[in-house]
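Let's take a friendly walk through a protein chain together. Have a look at the picture first, and then we will go through it piece by piece.

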Amino acid sequence: MATTQGFALSREQCSTQDQLQTTDAHGLVYDAVETISSDTKFKDEIPPLGFISIEVILHRPPGDPFNEKTWPFPLIREKVAGSSEAQVVCSGPYDDSFIDRFVKAGQRLAKRGAVGIITSCGFLAMAQTDLAAQLPIPIATSALIQIPSILAVLPPARSVGILTFDDTRLGPLHLAKLNIPAARCHIRGAPEGGLLQSHIRQGVEYVHHEICEELVTAAQGLVAEHPDIAVLCLECTQMPPFSEAIQQALQLPVYDVYSMGCWFYSGLVSTRLKSWGPIMKDRVESRR
C-alpha cells in the first residue's frame with residue numbers, strides 16, 4: 001500500500017534515537033541508530049503546523065486532522081467565528097467578509113509560530129487562491145490539492161475518484177481553483193442524509209463501524225460506475241479514519257487530508273532522518 005509506506009517515512013522522523021557504533025561490510029566504523037519511540041520529545045523540538053477550524057462540534061478521533069494525536073508534528077489551532085458547515089460547504093465562491101475571517105485566523109496562527117496552515121474542510125479549495133495571496137505563510141486548504149500530482153503519475157486514460165461530504169455542492173468550480181481538469185475526475189458523495197452527514201449536520205451519534213460501512217459502499221459504487229478510476233482522493237477532513245478500510249476494499253491507492261498534511265509539512269520543515277547517521281568521508285573502497 002503506497003500511501004501507508006509514505007506515512008511510515010514521515011513517522012520515522014518523529015522518533016529519537018540512541019547512537020551505537022557498528023561496522024559495515026567494508027569494515028568502516030560509523031554511527032548506527034537504535035530507534036526509541038518518543039514522539040512527544042521530538043514534537044517539542046520542531047515548529048507547529050497551523051489548523052484553521054470552523055464552528056462545528058464533532059467527535060474527532062485520531063485520524064481527524066483536528067486531533068493533535070493524528071499528526072507526527074505539533075499542531076496549533078484557531079477557530080473562525082461565524083463559519084458554520086452550511087456556509088463552508090457550498091457550490092460557489094465565498095464573499096469577501098468570509099475570506100477576511102479566515103485570513104485573520106491564519107495571521108493569528110502565523111504570529112503563534114506556525115510554519116504553514118491547513119483547514120478543516122476540503123470545500124475551502126474554493127478559497128485557496130485568495131488565502132494564499134493574503135497570508136504570510138503557506139496554506140493548503142484541501143486534500144484535493146494532491147490531485148494534480150496524482151494525475152501526473154497516472155496513465156492519461158486513468159482518472160481520480162473523489163469521495164466528498166456532499167456531491168451536490170462539490171463541483172467543477174472547486175476543481176478549477178486548483179487547476180484540476182474536471183474531465184479526469186469522478187465525484188461521489190457520502191449518502192444524502194446518511195450517517196456521516198447526520199453526525200456533522202445534526203450531531204447524531206458517531207458510530208465508527210457504521211459510518212465506515214457507509215463510506216466503503218459509496219467508494220465501491222463510484223469505482224464500479226467509473227472503472228477508469230485508478231486512485232481515490234477523500235475530500236472530507238473527517239474521512240481519514242476510514243482510509244485504510246476503503247483502500248482494503250478497493251485495492252487502490254487512497255489519499256486524504258492526512259497524506260496531504262504530511263507532504264505539506266515535510267517541505268516546510270525538512271528534517272534529516274537520524275537513521276541516516278553521520279555523513280561518512282568519501283573513500284573509494286566504500287563507493288557502491
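The crossing of helix 9 and helix 10 is right-handed; a crossing is called right-handed if the near helix is turned clockwise from the far one by less than a right angle, and left-handed if anticlockwise. The axes of these two helices come within 9 Å and cross at roughly 40°, which makes helix 9 oblique to helix 10. Here, axes are lines fitted to C-alpha atoms, for helices over the stretch in contact, and angles run from 0 to 180 degrees between N-to-C directions. Angles under 35 degrees count as roughly parallel, over 145 as roughly antiparallel, 65 to 115 as roughly perpendicular, and the rest as oblique.

Which residues make the contact? From helix 9 come C212, L215, V216, A219, Q220 and V223, and from helix 10 come A245, I246, A249 and L250. Contact means heavy atoms within 4.5 Å. The residues of this contact divide into 9 nonpolar, 1 polar and no charged. In this grouping Ala, Val, Leu, Ile, Met, Phe, Trp, Tyr, Cys and Pro count as nonpolar, Asp, Glu, Lys and Arg as charged, and the others, Gly among them, as polar.

A word on the model before we go on. This is a predicted model, in which local features need pLDDT of at least 70 and side-chain atom pairs count only at pLDDT 80 or more, while totals for chains, interfaces and linings use all residues. Residues are numbered from 1 along each chain as its sequence is written, and side-chain values use heavy atoms, with hydrogens and water left out.

Now step back to the whole chain. The protein chain has 11 helices and 10 strands; helices (H or I, at least four residues) and strands (E, at least two) are DSSP runs, numbered from the N terminus. Of its 288 residues, buried ones make up 50%. Buried means under 20% relative accessible area, exposed over 50%, and partly exposed in between (1.4 Å probe, protein chains only). Among the contacts in the chain with a separation of 6 or more, residues 24 or more positions apart account for 70%.

Back to helix 9, which runs over residues 208–225. Its 18 residues reach 26 Å from the first C-alpha to the last, close to the 26 Å expected at 1.5 Å a residue; the expected span is 1.5 Å times one less than the number of residues. Its buried residues are I211, C212, E214, L215, V216, A218, A219, L222 and V223. An α-helix has 3.6 residues a turn, so residues three or four places apart point the same way. What do the buried residues of helix 9 pack against? Their partners are strand 7 (159–164), strand 8 (185–189), helix 8 (195–202), strand 9 (229–234) and helix 10 (243–250).

Helix 8 has buried residues too: L196, Q197, S198, H199 and I200. These pack against helix 3 (85–88) and helix 9. Just after helix 8, G203 takes a positive phi of about 75°.

Most residues other than glycine have a negative phi, and most peptide bonds are trans. N179, in the loop between helix 7 (172–177) and strand 8, has a positive phi near 60°. N179 is exposed, with a relative accessible area of 67%. Q251 sits in the loop between helix 10 and strand 10 (254–255), and its phi is positive as well, near 55°. At 64% relative accessibility, Q251 is exposed.

C262 lies in helix 11 (residues 257–268) and is buried, with a relative accessible area of 5%. C262 and W71 are 191 residues apart in sequence, and their C-alpha atoms are 7.9 Å apart in space. S266 also lies in helix 11, but is partly exposed at 34%. From S266 to F73, 193 residues apart along the chain, the C-alpha separation is 9.9 Å. P74, in the loop between strand 3 (49–53) and strand 4 (75–79), is buried at 18% relative accessibility. Leaving aside neighbours within four places in sequence, P74 is in contact with K43, I46, P47, P48, L49 and Y265.
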